[in-house]
Amino acid sequence: MSNCAMSLKSRLLSRLFEKYSSSEDEYPSHTLKAKCRNCESFDIERIDRGGRLSYFLAYRAYGIILEPEATMTVDTVICRNCNFYSTYRPFLEEELHFLYADYRQESYNKDREVFEPGYTSTWAKRFKDLNEKNRRTSQLSQYIEGKIVNPLKIKKVLDWGGADGSHIPRIFTSAKKYVYEVSNEKPVQQVTKICDGSKLGKYDYIQLGQVLEHLIWPRKELTLVLSHLKKGGYLYLDVPLEVPNKNLYEAVKNKEILLDVHEHINKFTSYSLTRLAESLNLFIIDVTVEKWKTGDGGNIRGLFRRK
C-alpha cells in the first residue's frame, strides 16, 4: 500500500493500515480461519498482493482519498476446490456498511460519479430503466421456465435482497410475492416488502439475483436463506461472470489476473456455484454461463432444489 493521501475517517484509516499492511500470517478473529467462505474447503491459497482496492471503495469504506497514481494492494485468496476468489482477510460488517448504506441512491451515485465520471448517466440510469428491468425479468423467466415442475404449485416466492422486487419471474402467476430488502426501495405493485428478518416465513421459491458478490460470507448467508426455504423448494442464484470461467486458479496464482476490489468483493465461476450447492446438500438442476454478446463479461445462473 502506498501514497495514501487525506484521511476522512482516521479511526478506520488506522485500522486499514493495520489490516492490510501487517506482515503477520496470524488470522484475526474475524477472518477466514483457513476455510473457504464459499464452500468451506480447507484447500485455499493466499496470494501475496494479488488484488487492489478501487479508489471508490477506499473512499466509501475507509474514508480516504488516494492520489491519482496510487495503488492500494491487498492479499487475495483462491479456493482450489471451488475457484471462489476474494480478499484474503474478509471485510468487516461496518466497512461494508459504509460502502453499501445508500446503495444506488442519489448520494451513492454522486460519490461514485466523482471517482468514475459518467457513472450517473450510464450505469445508474440503466439500473433504474424500466425496459432494462423488464429485460432482466424476462430473461430470468425464460431461464427457469421448464425447469420448475408445475409453477402453479408455487404459492409463496421471495426475492432476497431484491430491491423493489421487480425481477420476480412472471411464471408464478398464482403465488404471493415478497421481497426481503433493508434499503429504502419501495416495492412494485403486488409485491410485499419485508425489512425485518424476524418477519420472514417459509417459501416455495427463493431467489438471490446479483447478491452473493456483495457478501462477506456467501455460504453463511445461504445457510440462513435455506432455513426459510421449504423442503423441496427451489433456490435460484445468479452472479456476474467477471473472471475467466476456466483455468482461473492458474491465472490467479501466476498473477495474470489481479482482483479488482470494487462494488463486488467476490468473484465466481460456474464451478463456484456448483461446489457451493454441493456443500449445502442441494440438488443441482442446472448451472449455466451466459456470455455477453460484446465484451468479456456475462452472468452465471443456477437453479437448485432443497432435498
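Buried means under 20% relative accessible area. The exercises below use this cut-off on a predicted model.

**Exercise 1. Is Cys 79 buried or exposed, and which residues is it in contact with beyond its neighbours within four places in sequence?**

Solution. 
- Step 1: Locate the residue. Cys 79 lies in strand β4.
- Step 2: Apply the cut-off. Cys 79 has 1% relative accessibility, so it counts as buried.
- Step 3: List the contacts. With neighbours within four places in sequence set aside, Cys 79 touches Cys 36, Cys 39, Ser 41, Asp 43, Ile 44 and Phe 84.
- Step 4: Take one of these partners, Cys 39. Cys 39 and Cys 79 are separated by 40 residues in sequence, and their C-alpha atoms are 8.6 Å apart.

**Exercise 2. In what order do the strands of the open sheet of 5 strands stand, and why is one side of β11 and of β12 left without a neighbour?**

Solution. 
- Step 1: Read the order across the sheet. It is β11-β2-β4-β5-β12, and the pairing is mixed.
- Step 2: Look at the edges. β11 (259-261) and β12 (266-267) stand there with a single partner strand each, so one side of each has no neighbour in the sheet.
- Step 3: Examine one pair inside this order. Strands β2 (residues 44-53) and β4 (residues 72-79) run antiparallel and are joined by 7 bridges.
- Step 4: Find a facing pair. Glu 45 is opposite Ile 78 in β4.

**Exercise 3. How do the axes of α2 and α4 cross, and which residues of the two helices meet?**

Solution. 
- Step 1: Take the axes. Those of helix α2 (residues 55-62) and helix α4 (residues 106-115) come within 9 Å and cross at roughly 135 degrees.
- Step 2: Classify the angle. Over 145 degrees would count as roughly antiparallel, and 65 to 115 as roughly perpendicular. α2 and α4 are therefore oblique to each other.
- Step 3: α2 supplies Tyr 55, Phe 56, Tyr 59 and Arg 60, while α4 supplies Ser 107, Tyr 108, Asp 111, Arg 112 and Phe 115.
- Step 4: Sort them by type. The contact of α2 with α4 has 5 nonpolar, 1 polar and 3 charged residues.

**Exercise 4. Which residues of helix α9 are buried, and what covers them?**

Solution. 
- Step 1: In α9 (residues 270-279), the buried residues are Ser 270, Ser 272, Leu 273, Thr 274, Leu 276 and Ala 277.
- Step 2: Their cover includes α7 (218-226), β10 (229-241), β13 (282-291) and β14 (298-306).
- Step 3: Look past the helix. Just after α9, Asn 281 has a positive phi of about 60 degrees.

Definitions and conventions. Residues are numbered from 1 along each chain as its sequence is written. This is a predicted model: local features need pLDDT of at least 70, side-chain atom pairs count only at pLDDT 80 or more; totals for chains, interfaces and linings use all residues. Side-chain values use heavy atoms; hydrogens and water are left out. Buried means under 20% relative accessible area, exposed over 50%, partly exposed in between (1.4 Å probe, protein chains only). Helices (H or I, at least four residues) and strands (E, at least two) are DSSP runs, numbered from the N terminus. Contact means heavy atoms within 4.5 Å. Two strands pair if DSSP finds at least two bridges between them. Axes are lines fitted to C-alpha atoms, for helices over the stretch in contact, and angles run from 0 to 180 degrees between N-to-C directions. Angles under 35 degrees count as roughly parallel, over 145 as roughly antiparallel, 65 to 115 as roughly perpendicular and the rest as oblique. Ala, Val, Leu, Ile, Met, Phe, Trp, Tyr, Cys and Pro count as nonpolar, Asp, Glu, Lys and Arg as charged, and the others, Gly among them, as polar.
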